[in-house]
Amino acid sequence: MSTTRATNSAPPVIIVGAGPSGLAASACLALHGVESVVLERDDCVGSLWRKRAYDRLHLHLPKHHSALPHAPHADDAPAYLPRDHFVRYLDAYADRFAVRARLRLHREVRSARFVDDGRWEVEAVDLGTGEADLYTARFLVVATGKFDEKVVPAVPGLDTFLGETIHASEYRSAEGMQGKEVLVVGCGNSGMEIALDLAEGGAGSCSVVVRGEVHLMTREIMSASIPLLRFLPLWMVDRLTLLACRLVFGDTAKHGLPRPAVGPFAWMQQGSGYPVIDVGTYDKIKKGRIQVLPAMTGIDRDVVEFAGGGRHRFDAIIFATGYRCTAKKWLKEEGDELISKDGKVTGKSPKGEKGLYRAGMAARGLTGSGMDAEFIADDISRLLQSSGDEESGNAD
């Protein structure tokens, strides 16, 4: 059992999470002269990108839409950044804005409560020693993101499957899958690109489970559409985007990929999902190199059963079935619906009650992370100045 060490003397802001959103929040606060402490469960910054992303991953938006505040990408950087390039960018960002000096690695937050004296108490376990530290601060920023805990659906008979089963977070490349019959469960960006990687990497066959509707887009269409949102109503941007998609893809429903009734940006705004940025998967589907299958209904040893009665044998199953946010497991404050009980965000503002904020959790990508960070820094700085609060210091 862990024991709680003496309360740490903390700066006025505690940030939970050292991904892009947490790094940006700490950097923007520092530029306002406000200190913070950043608690990170893993042993590095940007662990999602560094440890849970497949090798061929590139950012789907151009570099000018993929930079954090006050640090644009270099002119000679690729237009669409590869995973490893972006990881180096995050490392350089943490160094440039001295976030590492404020960073506490291997700290898993177990609880965060707002107490009577107007401060947050955050208990974090040092995963290296098992001891618990208690941090206190006036403000708390939740920057753990929506990709926190792996989700694997309960499929009858999954425990009987004779082959290999992994989550997409464990997939790196098609190495070891050559000649195998592989099923990818999930048709989001990760699932569709992993299916393409397998098809190009020598898998014997590759199938992808599509259980619902999909908005298929290209990088170019997405990049051209986003700026239009500044000048045109959302419904009009959706219509123009869908027209472009129709010209590029035709009727995707003919190949097992029906589109939602609402446009892609309205779909995102509703929290229904993200468009899939196609980098070659659709062409493989049309040519029959990747097979589209309906929802799984069960597994019997090496045979997977599907809705409609289909049965196919597979050597491996990759679950590209996403993640869930687990912030509500440790965020004990009741009555503030900034983050709902199921981990979904509510409302447009990153500001909640009692000095609580969220950063980068509202499905707006890296641009949204930067906007949240700057809003949070501006707001906290203003509140500290208006109260004459000169809090500073470091958490040990």
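This is a predicted model: local features need pLDDT of at least 70, side-chain atom pairs count only at pLDDT 80 or more; totals for chains, interfaces and linings use all residues.
User: Which residue meets Arg-107 in a salt bridge?

Analyst: The general idea comes first. Side chains of opposite charge can pair when their charged atoms come close. The cut-off for a salt bridge is a side-chain nitrogen of Lys or Arg within 4 Å of a carboxyl oxygen of Asp or Glu. In this structure, Arg-107 pairs with Asp-126 at 3.6 Å, N to O. Asp-126 is in strand E5 (residues 120-126) and Arg-107 in strand E4 (residues 107-114), so their bridge ties together parts 19 residues apart in sequence. Asp-126 also counts as buried, at 10% relative accessibility. Strands (E, at least two residues) and helices (H or I, at least four) are DSSP runs, numbered from the N terminus.

User: How many salt bridges are found in the whole structure?

Analyst: The search finds 22. One of them joins Arg-324 to Glu-149, with the closest N and O atoms 3.0 Å apart. Arg-324 sits in strand E19 (residues 323-324) and Glu-149 in strand E8 (residues 149-150), so this pair ties together parts 175 residues apart in sequence. Arg-324 is partly exposed at 38% relative accessibility, and Glu-149 is partly exposed at 26%. Another pair is Arg-100 with Asp-91, at 3.1 Å from N to O. Those two also belong to a salt-bridge network with Arg-50 and Asp-95.

User: What is the order of strands in the open sheet of five?

Analyst: To read a sheet, start with pairing: two strands pair if DSSP finds at least two bridges between them. Here the order is E3-E2-E1-E7-E20, with parallel pairing. Strands E3 (103-104) and E20 (356-358) stand at the edges with a single partner strand each, so one side of each has no neighbour in the sheet. E20 pairs with E7 (residues 139-142) over three bridges, and Val-141 has Tyr-357 in E20 as its bridge partner.

User: Which strands does helix H10 lie across?

Analyst: Helix H10 (residues 365-387) lies across E1, E7 and E20, at about 165° to E20. Such angles run from 0 to 180 degrees between N-to-C directions, with axes fitted to C-alpha atoms, for helices over the stretch in contact (heavy atoms within 4.5 Å).

User: How many residues does the largest nonpolar core have?

Analyst: A nonpolar core is a set of buried Ala, Val, Leu, Ile, Met, Phe, Trp, Tyr and Cys residues joined through side-chain atoms within 4.5 Å. The largest has 78 residues, and Tyr-93, Leu-198 and Ile-380 have the most contacts inside it. H10 gives the largest share of this core, seven residues. A second, separate core of 20 residues includes Trp-120 and Trp-330.

Terms used
Residues are numbered from 1 along each chain as its sequence is written. Side-chain values use heavy atoms; hydrogens and water are left out. Buried means under 20% relative accessible area, exposed over 50%, partly exposed in between (1.4 Å probe, protein chains only).
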